[in-house]
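Biologist: I have a model open and want to learn how to read it. Where do we begin?

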Amino acid sequence: MRQVTRCSGTTAKRFAYTRVVTRVGEFGITLETVSEGTVVATVDGELDLATCPELEQAMAQASLEDRLVVDLEGCTFLDSSAIRVLVERARASREAGGSMAIVASGSGIRRVLEIAALESLIELHPTREAALS
């Protein structure tokens with residue numbers, strides 16, 4: 001059975017499957033357990049210094065031993081603070097026996113990830129299906 005948690009302000013409601021939604025202006029993260037041991041964090045909007053704490057909080061809800069897939073298909077901007085957050089989580093996951101993958105097919109976001117050489121630390125995939133297989 002899956003369980004959903006929706007966060008709005010300081011209240012959280014639990015439903016039948018795991019899903020956490022956090023919104024800050026034009027930014028949002030959805031955290032969903034797609035199978036046992038696999039969690040997908042879907043990002044919409046800009047990942048920058050102002051929104052990275054929200055990403056960190058959402059990813060912290062997934063166990064370090066899980067496979068965490070960060071879907072950046074809806075991400076419109078990514079800065080160095082986002083790279084730092086992704087790298088820190090990938091290292092912590094690896095040390096705990098988990099893994100991490102990123103979905104990015106858009107040329108702008110994928111280019112930033114490639115320039116930062118993230119593919120040497122985190123799996124990069126063009127689709128969510130590829131990251132989950």
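**Reading the model from the inside out**

Modeller: Start with Leu 72. Setting aside neighbours within four places in sequence, Leu 72 is in contact with Val 43, Leu 47, Ile 102, Val 103, Ile 109 and Leu 113. Keep in mind that this is a predicted model.

Biologist: Which residues touch the most other members of the largest nonpolar core?

Modeller: That core has 32 residues, and Leu 47, Leu 68, Val 70, Leu 72, Leu 86, Ile 102 and Leu 113 touch the most other members. Strand 4, strand 5, helix 1, strand 6, helix 2, strand 7 and helix 3 each give two or more residues to this core. Helix 2 gives the most, with six residues. There is also a second, separate core of five residues; Val 40, Ala 101, Val 103 and Ala 131 are among them.

Biologist: How do I read a helix such as helix 2?

Modeller: Think about direction first. An α-helix has 3.6 residues a turn, so residues three or four places apart point the same way. Now the case here. The buried residues of helix 2 are Ser 81, Ala 82, Ile 83, Val 85, Leu 86, Val 87, Arg 89, Ala 90 and Ser 93. Their cover includes strand 5, helix 1, strand 6, strand 7 and helix 3.

Biologist: What span should helix 2 have?

Modeller: Helix 2 covers residues 80–96, which is 17 residues, so at 1.5 Å a residue the span should be 24 Å. The end C-alpha atoms of helix 2 are 24 Å apart, which agrees. After helix 2 comes Gly 97, with a positive phi near 95°.

Biologist: Now strands. How do I read strand 5?

Modeller: Side chains come first. In a regular strand the side chains alternate between the two faces of the sheet. Strand 5 spans residues 38–47, and eight of its 10 residues are buried. Next, look at the partners. Strand 4 and strand 5 run antiparallel and are joined by seven bridges.

Biologist: In which sense do strand 5 and strand 6 pair, parallel or antiparallel?

Modeller: Parallel, over nine bridges. Glu 46, for example, has Phe 77 in strand 6 as its bridge partner. The chain gets from strand 5 to strand 6 through helix 1 (residues 52–60), and this β-α-β crossover is right-handed.

Biologist: Which backbone angle deserves a second look?

Modeller: Most residues other than glycine have a negative phi, and most peptide bonds are trans. Ala 117 is not a glycine, yet its phi is positive, about 60°. Ala 117 is found in the loop between helix 3 (107–115) and strand 8 (123–125). Its relative accessibility is 36%, so Ala 117 counts as partly exposed.

Biologist: Where is confidence lowest, and where is it highest?

Modeller: Read the general rule first. Where pLDDT is low, the predicted coordinates should not be read in detail. Strand 2 (residues 11–15) is lowest, at a mean of 40, and strand 7 is highest, at 97. Over residues 1–17 pLDDT stays under 50, and the model has 36 contacts beyond four places in sequence for this stretch. The protein averages a pLDDT of 85, and 81% of the residues score at least 70.

Biologist: How many helices and strands are there in the protein?

Modeller: Four helices and eight strands. From the N terminus on, they run β-β-β-β-β-α-β-α-β-α-β-α.

Definitions and conventions:
Residues numbered from 1 in each chain as written. Predicted model: local features only at pLDDT ≥ 70, side-chain atom pairs only at ≥ 80, totals over all residues. Heavy atoms only, no water. Buried < 20%, exposed > 50% of the residue type's maximum accessible area, 1.4 Å probe, protein only. Pairing = 2+ DSSP bridges. Right-handed = clockwise from strand over helix to strand, strands pointing away. Expected span 1.5 Å × (residues − 1). Contact = heavy atoms within 4.5 Å. Core = buried A, V, L, I, M, F, W, Y, C linked by side-chain atoms within 4.5 Å. pLDDT = per-residue confidence, 0-100.
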